[in-house]
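This report describes selected features of one protein chain. The sequence and the model are shown first, and the description follows.

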Amino acid sequence: MNGALIARGTAANLITFTSNQASPAKGDWKNIEFTDSSVDATFDGAGNYTGGGILEYCVVEYGGSSVIGAVETDIASPLIDHCTVRNSASSGIQAVGTNSTPVVIRNNTVSGNMWGILAFDGSSVISNIVNGNTNGGIGVLYYSTVTGNTVSGNSASDEGGGIYAKGSTVMGNTVSGNSASDEGGGIYAESSTVMGNTVSDNSAGFDGGGIYASYSTVTGNIVSGNSSSYGDGGGIYAAQSIVTGNIVSGNSVSNGRGGGIHASYSTVTGNTVNGNLAKICSGIDAETSPVTNNAVRDNSDGGICGADGQVMGNTVNDNSGNGIYARDSIGVMGNIVSGNSDGGIFAWDSPVISNTVTANSVSTWGSAVYFLGSGDFLYNTIIGNTAVSPTAMIGGVAIDGTPQFHHNNLYGNSNYDVVVLSSGDISGTHNYWGTVATVDILAHVYDWYDDSSRGRLLFIPYVQDPDPDAPVPPPQNLRANFTGGSASLSWDAIPSTTTGYSYKVYYDDACTPSYSGAGATQGDSPVDVGNATQFALSGLGSGGICIAVTAYDTRGRESWYSNEVSRPWRAYLLAVLKR
């Protein structure tokens, strides 16, 4: 088409471009092509069509060839709107526009082709339904945008089963059930922005079951139920990219690392990563990448693995396996590590500073924190961790190296608070042990005095109160007696000779932090109870309820939660009356 093609049907009266064969097949005819000399579409300020080339309410089927699309633009910019493009021997729509006059492709249904939509050089691909194409759903290159599309059930023999983007923006799409033999089952992005998409149930043969990103920004997406067979990153694979503010859940890797996120030379911050699965490191697996301020919960084999990067400010709780594994890290700092089933932190030649490590159970390595090598171990709160294996006699910290071990709060760990594994003495002064009795401290340290092949922990002088610059210790041993709609609570006071602590009671019918319940007679969650260690909540109704307690100090710093107590939902059975 060298002039102006204006083909405008209606929803009730479609214009059909089809085969003239009795048994139509893909490639029966060539295509509709808009050339450089065709008349471009024009729009008003609101984006409404005002003139020029247009396909609207058309059906284009059984066209194309091995190299051309059924609808093709060659440095031309018509409007393609509300059309059905299907069963092409190649692409359904193949568009090359210009940066100044993009091709607008919107509100179409594109299915049963090889590529669904291929768009280059400033094209706008908006609100299309793209499904069942055999070599990828949507592919865009160079300054193009892909927004608001539904992309499902497409496959690709290489990258990008759902969407392939290079130098473009992919925003607000629903991408589900696509597959790629190589990388990026849902979205493959290079030098692009991937924002606000819902990416679910896609699969990749290698890296990035949901999203594969290189030199890209991946932000604000919901990534769930995706899988990778032989690569890394069941949810998101990121190389030299920024991954921020995503919800990444229920993804899996069969034979690789990072069920939720795998990152290499990237930044991973502010994501929620839960319920993912991998053989190694199910939550976040990071190489030379800072991992900061993420919530990592309920993953099947470890929360965060970090090498050659910083692991800081994350909340890592209730994962099966280890909470944080860090090797050659810049620092493991300011994390909350709680309720993990095979230890809290494993740190190898990595400084461990200002973390809260509590309520983890430990077996294989036998410690809430296993410290190997050199580096500082300062200002941590390590309390209430438990060794569950008869051979794992360490509940708190195992030291197999030469750290400076100072200003930590260490108590209530079973069976020991600290075990020295290395042969040299350890400088371990100015720590708080939950007691001021030297004999009691010795009973909770396993070192040279118990096994002469080990070094000594030189713990004198020690301090009489929790270190004011370490995290506030969470309360221990919360107990509850539920009667009707009330709960009588008690917990252990934080051991201290001079420092005053106060407490807050949290409740909710959802048994996960942050316990934001409402309706109790004493007020909405949390209820500040001052320095009391006993309290009664009433007006809780008859349904399920979960309760936890925190402590705060005179500076207003608040601890992590205590153990949780709960009253389950009541189960009612229907009575069947026989006559």
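## Stacked aromatic pairs

In this predicted model, Tyr212 has a relative accessible area of 10% and is therefore buried, the limit for that class being under 20%. The chain holds 16 aromatic pairs.

Another stacked pair is formed by Tyr325 and Phe346, with 5.0 Å from centre to centre and 10° between the planes. Here too, distant parts of the chain are linked: Tyr325 is in strand E46 (residues 324–327) and Phe346 in strand E49 (residues 345–348), 21 residues apart. Phe346 is buried at a relative accessible area of 5%, whereas Tyr325, at 29%, is partly exposed.

## Charges over aromatic rings

Two residues with charged side chains are placed over ring faces. Arg327 lies over the face of Trp348, 3.7 Å from the ring centre. Lys504 takes such a position over the face of Tyr552, with 5.3 Å to the ring centre.

Where in the chain is Pro474 located? Pro474 occupies the loop between strand E63 (457–458) and strand E64 (476–483). With a relative accessibility of 1%, Pro474 falls under the 20% limit and so counts as buried.

Beyond its neighbours within four places in sequence, Pro474 is in contact with Thr356, Thr358, Thr381 and Ile383, and also with Ser559, Trp560, Tyr561 and Ser562.

## Cis peptide bonds and positive phi values

Most residues other than glycine have a negative phi, and most peptide bonds are trans, which is why departures from either pattern are listed here. The peptide bond between Ser414 and Asn415 is cis, with omega at about 15°. Asn415 is situated in the loop between strand E59 (409–411) and strand E60 (418–420). A cis bond also leads from Ile460 to Pro461, where omega is near 5°. Pro461 is in the loop between E63 and E64, the loop that also holds Pro474.

Asn87 sits in the loop between strand E10 (84–86) and strand E11 (93–96), and its relative accessibility of 22% makes Asn87 partly exposed. Asp308, again a residue other than glycine, has a positive phi near 60°. The loop between strand E43 (304–307) and strand E44 (310–312) contains Asp308. Asp308 is partly exposed, because its relative accessible area is 42%.

## A nonpolar surface patch

Leu442, Trp448 and Tyr449 make up a nonpolar surface patch of about 330 Å². Of these residues, Trp448 lies in the loop between strand E62 (445–446) and E63. At a relative accessible area of 41%, Trp448 lies between the limits of 20% and 50% and is therefore partly exposed.

## The chain as a whole

The chain has 70 strands and one helix. Its C-alpha atoms fill a box of roughly 95 × 70 × 55 Å along the principal axes. Of its 579 residues, 53% count as buried.

The accessible surface of the chain amounts to about 22,200 Å², and carbon and sulfur atoms account for 51% of that area. Where contacts join residues at least 6 apart in sequence, 54% of them are between residues at least 24 apart.

Conventions
Residues numbered from 1 in each chain as written. Predicted model: local features only at pLDDT ≥ 70, side-chain atom pairs only at ≥ 80, totals over all residues. Heavy atoms only, no water. Helix = DSSP H or I, 4+ residues; strand = E, 2+ residues; numbered from the N terminus. Buried < 20%, exposed > 50% of the residue type's maximum accessible area, 1.4 Å probe, protein only. Contact = heavy atoms within 4.5 Å. Patch = residues over 30% accessible without salt bridge, like charges linked within 9 Å, V, L, I, M, F, W, Y side chains within 5 Å. Areas by Shrake-Rupley, 256 points an atom, 1.4 Å probe, with all protein chains shown as cover. Salt bridge = Lys/Arg side-chain N within 4 Å of Asp/Glu carboxyl O. Phe/Tyr/Trp six-rings, centres within 6.5 Å; stacked < 30°, edge-to-face > 60°. Lys NZ or Arg CZ within 6 Å of the ring centre and 35° of its normal.
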